[in-house]
Amino acid sequence: MARYLFRRILFLPLVLLVLLTASFFLMRAAPGDPFANERGRDPEIQKNLKAKYHLDKPLWVQYGIFLKNLLQGDLGLSTKYKDRTVNEIVAGHLPPSVLLGVIALLLALVVGVATGTVAAVRQNTVFDYSTMAVAMVGISAPTFVVGPLLVLVFAYYLHWFPITGWGSWHELILPAVTLALPFTARISRLMRTGMLEIIRQEFIKTARAKGLTETRIVLRHAIRGALLPVISYLGPATAEIMTGSLVVEKIFQVPGIGYEFVNSALNRDYSLVLGLVAVFGTLLVFMNLLVDIVYGLLDPRIRYE
Amino acid sequence: MSTSDPVKFVAGRSLWQDAFRRLLRNRMAVVGAIVTLLLACIAIFAEWVVPVDPTYQELHHRFGVPGQVHDTTPERLFLVEGERTSFPPLRYRGKGTRHFRFLVQQRIATGVHVHLSARSKKVRKIQLTRIDSLPESVERIEVRGDREVFRHGKGEEEVTVLDKEIVLGEKLDDVFLPLLSRASRGRQKLVLNQVVRAETNQTLTFDLESDQTVRGLRIDNQTVATYDLVGRLVQEVRRDGKPFQHRHLLGQDMHGRDLFSRLVFGARISFLIGVVATLVSLFIGVFYGAVAGWVGGRVDSFMMRVVDILYGIPYMFLVIILMTSFGRDVRVMFIALGAVQWLTMARIVRGQVLSLKEKEYIEAARASGGGGFWILTRHLIPNTLGVIAVYTTLTIPSVILQESFLSFLGLSPEWQGQPLESWGALTWNGIQALGTGQNWWLLVFPAMTLAITLFSMNFLGDGLRDAFDPQMKGRT
Amino acid sequence: MTPLLDVQNLSVTFDTDDGVVQAVSDLSFHLDEGEILGIVGESGSGKSVSCLAMMGLVPSPPGRVQGRCARFEGEDLLTLSARAIRKVRGDRISMIFQDPMTSLNPYLRVSSQLTEAMRTHRQVSRKDALDRAVELLDLVHIPDASRRIHDYPHQFSGGMRQRVMIAMALMLEPKILIADEPTTALDVTIQAQILDLLGEIRQRLGTSMILITHDLGVVAGVCDRVGVMYAGRFCEMGPTDLLFSDPSHPYTRGLLRSVPRIDRPSHATLSTIQGNPPNMTDPPAGCAFHPRCEEQFDRCLVERPEWMGDSGEGQKRVACWLEESEAEGSE
Ligand SMILES: Nc1ncnc2c1ncn2[C@@H]1O[C@H](COP(=O)(O)OP(=O)(O)OP(=O)(O)O)[C@@H](O)[C@H]1O
Ligand SMILES: [Mg+2]
């Protein structure tokens, strides 16, 4: 387990570094700079501004400064909102995003695992077919299709939920459901295939021969093995949830970092974009590490490697 | 990821037939294939499918409800004096001979200079011939050599009729086209009394240059359309001047544009990006995977390690950064989205190459002195083709999805400064125009179109994978 | 004396895409108290399915089980409700399977897999169950049982895992232990150890066993009685020594001839039975073995041989027309 985790701990920051480096150089490689659009500025001020953001230095030096500050937890000053640090902005916008993401993930896990398990146990029944059909819809229909349609039906016509907004729990439901839907669908499918595979194993026959009830066989003998693919999916799922949050926060006007990211990219707010990428990347790395640990705990063959 | 034993893809026809039969037995996959093909046809033949130009604004019919039928009356043709503008290129293409006729409204005119330029050498010649059917109010009285006398509301007029062939050379040709004036409701309308016959299968650009110039004209064998300065369609009328009727099957948007037509052209953009970006990813992935698999050893493990690292990256963030820093040119998008998708392809190709490398016939080819290239083209490529084809089909919908995602975020691709509005952009427009929910069609139709497309393509892709690669069944 | 288990006319079919598989047809046999019955036959002859059918473990669909009865301690296993037969399974009849590598759940500790049958069928505390499990691991000669019991299956070797399986099956002192090819997946020395262990257990606990195998050597070592199965039916059945010394059915003879024996010179060629096992969706008419039988005659092609011979103690029975003609001949 220790060796396995160690390998992952070496590996994951590498992902983060690649992400940050790529973002940094992509932003800088583009023609122009964030102040170019601000007309009527006199060259002196432009120069001072550039100096303040180190934009006058060679690219590698800028990169070094960026990494050094990042390691100290300093994400720099926003180039757009000049009086605010990126840390402040992140601190303000992170909680809604995290809340939304965690709720969506939990929702997806609970519903996905439950439906997938039942579908596998009742394979080739109406329940199985309808769950998998719905799951196919969930996978195929993108967040930005489902979200608006949910808003149309449940907010505009049925008035069950507010159209947009943030603050109270019932403003949370539609965005969380929208965000969770594709993951619920995928987890449900993964769970079903995993379960079917496990149920065909010899050790399930052994368990049956012991006279255990079907429920007990599923809950005790089958679910662990069947959960493993789901657990490993949670790593990529986190990345997808982050991507999904970009549109969900836009549709529902959630004041989160996803919404902020798109805006800052459009504004070419160098430090804010990089800061937000760093936040997303770090969250992702931690989530992956957590997934690895859980995986190791579930699979003794890895734990005792 | 372990892929199946490549032996299954060895060219043996029965295996392909087998796979095909398995595919046909999968009913959802067949439905998916039919819908996908239908959509592809619509995207390819968009011009023939749409009832009306998707950029045509009926400003007096904003937010038209689905199903309405509107007349377009030819009253609002207009032109401005003294400006030189060029027509947007003819959008409607076709092979063979086509007839174009100008309908120009202007104060006084004896003719216009038409600056004919073909953008391709494939346009061989343009022939100007006399017109046979005249507007009702005009009558041909007499033909005197190359001149004809017409009578119209204001009297008689003698016009030189061009009846000659202009062969387009390297140089662009200027032609003087005489115009026949026609009185009409206070203002004068002039009918360009010539039929321009162009033998072409390429885009033709007509520059109209005179002291009375329209802002833009598009003419085909049925319709005449005028454009404003920025190239937006202002009016479209039938050549014979009769009202032009449109049924707005799916309603109209905030500018009175026909939603159905916009969706049809959106299909073209979505499919185009899906296919081209997939090809880009195919190129990178096949190359990378083949090299890794073929060279093997340390290089291989290093290259695959790189792929592992890249797999962990949330790509859309990079794509968004790329699109915002380098502009939204559609070519940037092709590359950006292609670069996202190549990883899986690289892994698959590598796996195939790796296991094929061990196969006897490769050894045999080696032993008999076949070079690396020979082996590559004779054995590896044919043998990996099946898997590659399957995963290519699976990639297209995910690229379409990502493109729509970006469009939805406001990062629509652009071509020559014009936004290319795909289904994602239309969905976002739909949300913005939703009002209090009464303009539902603007959201529901684009969203459903997108969903149905992805739905069918995923079913098709799944079916293909199950048919060609049964061991992968249900893995994803 | 009524036998412990009395199976009469058991049939199992499977509905598959290629037709109905007649896996077991009209099978009758009995098992006495404290007896080890061997069932031999080539792959696909229906050995496993017939045992699974008695345990109510044939997956349905596609399987269908029919039969007169399978009487066990006053109950008919074939007509018991799902819930009732579950009470029998793992308690009074338990089963071990061929491949010890896959028959244990890799995600659960051996301790919990050992104790769960006990905790399901009896009201026993965790502690007591665990003690009992350690006791059984000792019985099956797992060294350092009290510590090893907390390990996961992958930490055991194949032979040890099969011992664990046996210990697991014995937790509740079942009346019958069905061992479905318990040694096939193991190497030869381990095989011998496991077989010795089974014999020892019978000695100590008096458990009746059905030992499924296609290895006649295994049968000779431990079984009291042997049934030879072919195409879902018994073709010969009787006390081990009698069957080995005087095989009547050509199939049994063929099987015996294909076994390497120490008492024969090693260079003597081993003969194999010609031909392939029958297609069970469309078994041959008459005697199912006739296409491969060297001694077949007209009657074998059309009429299925009856079960011939005495049903009495120590007698052999056989399903072959040769037997009848021999009997007639001697009369
Ligand atoms: N679930 C099933 N579906 C369809 N056919 C089955 C199923 N289980 C068993 N069969 C068929 O039943 C027949 C008997 O199988 P069985 O497992 O009893 O053979 P066996 O004698 O135990 O062979 P082996 O020595 O290989 O274990 C075979 O022809 C097999 O194909
Ligand atoms: Mg068996």
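User: How many residues does the contact take from chain C and from chain A?

Analyst: Chain C contributes 26 residues to the contact and chain A contributes 23 residues, where contact means heavy atoms within 4.5 Å. Please note that this is a predicted model, in which local features need pLDDT of at least 70, side-chain atom pairs count only at pLDDT 80 or more, and totals for chains, interfaces and linings use all residues. Residues are numbered from 1 along each chain as its sequence is written, chains are lettered from A and ligands numbered from 1 in the order in which they are written, and side-chain values use heavy atoms, with hydrogens and water left out.

User: What area do chain C and chain A bury between them?

Analyst: The two chains bury about 2300 Å², with 59% of it on carbon and sulfur atoms. Buried area is the accessible area (1.4 Å probe) that two parts lose on being put together, summed over both.

User: How many salt bridges are there between chain C and chain A?

Analyst: The count is 3 salt bridges, each defined as a side-chain nitrogen of Lys or Arg within 4 Å of a carboxyl oxygen of Asp or Glu. One of them joins A:Arg216 to C:Glu116, whose closest N and O atoms are 3.7 Å apart.

User: Which helix of chain C gives the most to the side that touches chain A?

Analyst: Helix 4 of chain C does, with 6 residues. Helix 3 (100–103), helix 4 (110–121) and helix 7 (158–170) of chain C each supply at least two residues of that side. Helices (H or I, at least four residues) and strands (E, at least two) are DSSP runs, numbered from the N terminus.

User: Changing topic, which residues come nearest to ligand 1?

Analyst: Of the 15 residues around ligand 1 (a heavy atom within 4 Å), C:Ser43, C:Gly44, C:Ser48, C:Val49 and C:Glu181 come nearest. Helix 1 (47–54) and strand 1 (5–16) of chain C each supply at least two residues of this shell, and helix 1 gives the most, with 3 residues.

User: Which polar side-chain atom lies 2.5 Å from an oxygen atom of ligand 1?

Analyst: That atom belongs to C:Ser48. A polar backbone atom of C:Gly44 is 2.8 Å from an oxygen atom of ligand 1, and a polar side-chain atom of C:His214 lies 3.5 Å from a ligand oxygen atom.

User: And how much of ligand 1 does the protein bury?

Analyst: Taken alone, ligand 1 exposes 630 Å², and the protein buries 69% of that; accessible areas come from the Shrake-Rupley method with a 1.4 Å probe, and for residues only the protein chains shown count as cover.

Terms used: Polar contact = N/O pair within 3.5 Å; in protein donor to acceptor, adjacent residues only side chain to side chain.
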